[in-house]
Amino acid sequence: MNKEVYSLCFMCSIRCPIKVTVRHGQVKWIEGNPHVPGIEKSICPRGAAGISMLYDAQRVQYPMIRTGERGSGSWKKASWDEATDYIAEKLKKIIKKHGGHSVVLGERTQLATHVSKTFMKAIKSPNHFTHDALCKGSVNTACRSLFGIPDSEVGIDYKNTKHIVLYGRNIFEAISVKEVRNLMDAMSGGAKLTYIDPRVTVTATKANRYWMIRPGADLALNYALIHIILKERLYDAKFVNRWVLGLEKLEDFVIPYTPEWAEKETGIPADEIISLAREISKDKPSVIFHFGYRGASHANEIYVRRSILILNALMGSIESKGGIFFKKGPGAVGGKPARKLVEQKFEKIEVPRFDKVGTKEFPLPDPNHGVGQMLPLAILNEDPYPLKALFSFRFDPLKSIPDSNLMLKALDKLDLIVTIDVNYSDIAWYSDVILPESSYLERTDCIQQANGLKPQMFLRKQAVTPRYDTLEGAIILKRIADKIGIGNYFQYESMEDLVKWQLDGTGFKIEDFEAKGFVAYGKDQIFWDRNDGIKLKTPSGKIEFVSSLLENAGFKSFPEYEPVQVASEENKFRLVVGRAAAHTHVSTQNNPYLNELVSENLLWINSKKASKLGIKDGGMIEISSSVGSGKIKAFVTDLMHPEAVFMLHGFGHKAKKADRAYNRGVSDSVLQENITDKTGGSPALHDTFVTVKAA
Amino acid sequence: MSKYYLYQDTKKCIGCHACEVQCKSNKALPVGPKPCKIITVGPRFVGNLPKASYVFMPCFHCENPWCVAACPTGAMQKRIKDGIVFVDHEHCVGCKACVAACPWGAPQWNKEIGKVVKCDYCMGRIDDGLEPACVTICTTDCLEFGTAGELGGVRRERFAKSVASLD
């Protein structure tokens, strides 16, 4: 007999709705949830590899306690009681001696993040951070500087757009199924795609216009676009007059940034820049300048992202069909969101965060996420205070924080490292204890509050019982909490208990999710009234081109353009990184099917440059930066800008039990220097220069 | 020919390989064999624009299949009711004659069982009224499955729209 379960994928962080078919206790088939518009049975290659993940013996099968040196791979198998006793005993000592704030928990945001946050609040530590800042901290800050609303509450109406401009948002390789399908629909109906990237990607091959921009020069391009849009009055005057604060200042500011000037900076012909401005203006307000998915490339990241958002405001493509919109929560239709454990009362925490977010030193990044790349610096410098214990929850500081060697050094100063993960990540391998989490197919999870044009809730529901001795993350944290005397904050015995408590007061029951996997608060899409109803949360209630958030903290709203640095040596390049459709960040490289598709990363290098350096296609390259080095195969190509080299993120794994990915390719994090956009919060992942030579 | 036709709308294909992975997952195949495969040709610049082809390669289910003729045991067969070419593992001895015979590389070697596997349009699914695995989950819906007579409409419609003048 087949059983069908509606759930949520978790091969990446997007959480596409899925339908899982189970026969005799085994998952036999996964498809996209047919009831969800824009999904309609579709999945991406990673989603298709879910079964391969589930039955992979190379994931963590039971709790393990380290017996040898850190990273040596000597482990003993432990029961859950043994493992949590071990952790609890160490943790109690650390908290007693150094205070709760000496404990840090880093995670990739997930449905049970409110549980981890509760755990940290209960031990009186302000040091919860998410991966978000490492990916898009500056996008978040840019959105708040203009709208008073973070990027997570801003959506994109791909389906109805007439023209979309993507700045390295490689939408057809870094796949979100619904976004891809909605954009493809729009393009089938005639929507245009402009793609800007120093590298030719799959997305570039589908574009109507492609610009191989000089890496790092996006801001120059945007200043010139703004220049021409204001000069030729190509903007949506009605929208701008109603909603924008600071247009005159922007007009004055962009006077020197002509298309001819930008041509020299970007390599894009001035007449082409002008023609994009004129062309896209004709389709306003159903146009999108995509503000980015990952926004963590340069030290001026926040200003690049602001310039993109400003272009949308000028086109009036905010809260418009086919433009960008603000997501609506249940409150918009008189509904209530699912409860979260953090609603409980906690003692006030007086110490600053480890990353100093919220202090004068680092005022603007979002304290809900923190700034993860500060972790090695905070540990090594004991600034603002000593840190002693790290919990890594589905997050790998060794592969996601720039400068892995620095991170390793920092880890050596810690008394306790605990990893909660499905896979043998590099941090799991370097931990004192690994606590294996049940995979997404084996667990029920906390409610997903899906805000958007139509507020909804989704449920990840257990499809099969755990194959190995694993537990749900929220149960793991509860078990540790029970043993360190904070169990009163975790009053549930099972995930079902927790979900039922979450739904209390929402008017929905857990059974309501059975029919389709989700529930909706209302039937219609909600757009706010563009004349009077846009609920901006800036102090002025307007879109603040001149930003009170920035200026009050001592930052400029419009900084002068600083030319991009270009390496003077022939063998030196800017390192840029990105994604392939086959892999998610650092977590899928060992998946049997996905590893079969892409098993190692290559170094893309421009043909002419390679020829001068004697580098041959497929030959080995020695690559090094100021902080690390490695050996990687060359991909010699015309598809790469000559000033940069490119590699896929997430390779070069060091956990030996992840055998297929072990030592395959090079980890970009080993090469990247730990540079931060101190205004916005993102790391500058494309601001490292590397030296290459034929090995 | 089989009575079916599997159409790939190359304009919508993004070469993501979800079809390949779902196919393998559905047939519980090990690393190695790929009954369907996307082959990327390019990208290369055509004028100012980089262009690439993402070519979908399943089995063509030929009218006179070389593989069936070459098979010494009768394992490789053509289904009478609809012309699907499939391999019956009961009779496959792993001689690879079909692999050598097929001009398009459709039969694949499964080293775990020492037998050949190939695209059979997921005939079990078709008999259940479903579509092949690859078509069902295609990320962009660029794959369509139907009887040969029904298909081809997409290209006609798109071409008509592109040349239409509403003046």
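This is a predicted model: local features need pLDDT of at least 70, side-chain atom pairs count only at pLDDT 80 or more; totals for chains, interfaces and linings use all residues.

Biologist: Okay, what is the strand order in the open sheet of three strands in chain A?
Modeller: The order is β1-β2-β3, and the pairing is antiparallel. The edge strands of chain A are β1 (2-8) and β3 (26-32), each of which pairs on one side only, and the twist from one strand to the next averages 25°.

Biologist: And how many bridges are there between β2 and β3 of chain A?
Modeller: Strand β2, residues 17-23 of chain A, pairs with β3(A) in the antiparallel sense over six bridges, and within this region A:Ile18 stands opposite A:Gly32 in β3(A).

Biologist: Switching to aromatics, how many pairs are there over all chains?
Modeller: The count comes to 28 aromatic pairs over all chains. In one of them, the rings of A:Tyr210 and B:Phe45 have centres 6.3 Å apart and planes at 40°, so this pair is tilted.

Biologist: Why does that pair join two chains?
Modeller: A:Tyr210 lies in strand β11 of chain A, whereas B:Phe45 lies in strand β2 of chain B, so the pair joins two chains.

Biologist: Are those residues buried or exposed?
Modeller: A:Tyr210 is buried, with a relative accessible area of 7%, while B:Phe45 counts as partly exposed at 36% relative accessibility.

Biologist: Last topic, which rings do A:Lys328 and A:Arg460 lie over?
Modeller: The charged end of A:Lys328 sits over the ring of A:Trp528, 4.6 Å from its centre, and A:Arg460 lies over the face of A:Phe10, at 4.3 Å from the ring centre.

Key. Residues are numbered from 1 along each chain as its sequence is written. Chains are lettered from A and ligands numbered from 1 in the order in which they are written. Side-chain values use heavy atoms; hydrogens and water are left out. Two strands pair if DSSP finds at least two bridges between them. Helices (H or I, at least four residues) and strands (E, at least two) are DSSP runs, numbered from the N terminus. Axes are lines fitted to C-alpha atoms, for helices over the stretch in contact, and angles run from 0 to 180 degrees between N-to-C directions. Rings of Phe, Tyr and Trp (its six-membered ring) pair if their centres lie within 6.5 Å; planes under 30 degrees apart count as stacked, over 60 as edge-to-face and the rest as tilted. Buried means under 20% relative accessible area, exposed over 50%, partly exposed in between (1.4 Å probe, protein chains only). A charge sits over a ring if NZ of Lys or CZ of Arg is within 6 Å of the ring centre and within 35 degrees of the ring normal.
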